Amino acid sequence: MKPLFRIEQLGVNFGGLSAVAGLDLEIYPGEIVGLIGPNGAGKTTAFNAITGIVKSSTGKVFFNDVEITRFKSSVIAKMGIARTFQNIRLYDDLSVLENVMVAGHCSITYSFLEAVAGLGRFKRDETKIRDRSMELLGLMGLGSLQSEKADSLPYGSQRKLEVARALALNPKLLLLDEPVAGMNPGETADFLTLLQTAKRELKLTIALIEHDMSFVMGVCDKIKVIDHGMPIAWGSPSEIQSDSNVIAAYLGVPIE
């Protein structure tokens, strides 16, 4: 089996500062892979380089054997890579359902004139997008909240909504940046179950950044650890927990 996604010697520099250096990573279909490290280790920068938000200085990024290193974010998303962010980015004045439908409009086939007239492919596509959005809300446990304004949701539910919106892009690879940050233990356990269900039903491959080590160890198949932008360990959760380099990197550093 070939990897769905791989990075070869990825590096990102900001001026004279190296934020990421020499990062290699392979993710196979169906895996959940964690990218962890102390605060400031370069994790989010790596995600930003993967998705075209920042330009990498060195290295290559491949998705389905196609090099996407210099592709624009919009092109990368259409190819099948979706992501969430550390800071929640919802349309606060739209409903929960509308937030997901906005993302679903990447798949429309109707023309501008059909949209204005409300005829032809417009009605068919809008019905399809609405139905799909409701399915995703149900999958993330938000179906009963479809009419609520996004900014009225509890924090944990807003996190789930952001994931539902990313899923509306129909990704093959989903990147999650601190998906359970700010959640209490009960919300985190619920999210873990929902994520595993979404992975199974949608045949997702997932990469995630997270500081909650119990969540990471409970959900990830493999984990890459970086410190000061450099990779220091790679392996299964049990291997990572006992790795001396990982223990040294986290020694005295609070894991939030």
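Leucine 94 is partly exposed, with a relative accessible area of 24% (partly exposed lies between buried, under 20% relative accessible area, and exposed, over 50%, with a 1.4 Å probe and protein chains only). Leucine 94 sits in the loop between E6 and H3. The model is predicted: local features need pLDDT of at least 70, side-chain atom pairs count only at pLDDT 80 or more, and totals for chains, interfaces and linings use all residues. Residues are numbered from 1 along each chain as its sequence is written, and side-chain values use heavy atoms, leaving out hydrogens and water. Helices (H or I, at least four residues) and strands (E, at least two) are DSSP runs, numbered from the N terminus.

**Around leucine 94**

- Beyond its neighbours within four places in sequence, leucine 94 is in contact with Asn99, Val102, Glu148, Lys149 and Ala150 (contact means heavy atoms within 4.5 Å).
- Leucine 94 and serine 147 are 53 residues apart in sequence, but 9.0 Å apart in space, C-alpha to C-alpha.
- Helix H3 is mostly covered, with 7 of its 9 residues buried.
- The buried residues of H3 are Val96, Leu97, Asn99, Val100, Met101, Ala103 and Gly104.

**The six-stranded sheet**

- An open sheet of 6 strands has the order E6-E7-E8-E3-E9-E10, with mixed pairing (two strands pair if DSSP finds at least two bridges between them).
- Strand E6 (81-83) and strand E10 (230-235) are at the edges with a single partner strand each, so one side of each has no neighbour in the sheet.
- On average, neighbouring strands of this sheet are turned by 20° against each other, direction ignored (axes are lines fitted to C-alpha atoms, for helices over the stretch in contact; angles run from 0 to 180 degrees between N-to-C directions).
- Helix H6 (residues 155-167) packs on the sheet and touches E6 and strand E7 (173-177); the direction of H6 makes about 155° with that of E7.
- Strand E3 (residues 32-36) and strand E8 (residues 205-209) run parallel, joined by 4 bridges.
- Glycine 34 has leucine 208 in E8 as its bridge partner.

**Strand E8 and its crossover**

- 5 of the 5 residues of E8 are buried, so E8 is largely enclosed by the rest of the structure.
- From E8, Thr205, Ala207 and Ile209 point one way; Ile206 and Leu208 point the other way.
- E7 and E8 run parallel, joined by 5 bridges.
- Leucine 175 stands opposite alanine 207 in E8.
- From E7 the chain crosses through helix H7 (residues 185-202) to E8, in a right-handed β-α-β crossover (right-handed: with the strands pointing away from the viewer, the path from the first strand over the helix to the second runs clockwise).

**The four-stranded sheet**

- Another open sheet, of 4 strands, has the order E2-E1-E4-E5 and antiparallel pairing.
- Strand E2 (17-27) and strand E5 (66-67) are the edge strands, each pairing on one side only.
- Strand E1 (residues 5-14) and strand E4 (residues 58-63) run antiparallel, joined by 5 bridges.
- Arginine 6 has phenylalanine 62 in E4 as its bridge partner.
- Helix H1 (residues 43-50) packs on this sheet and touches E1 and E2; the direction of H1 makes about 110° with that of E1.
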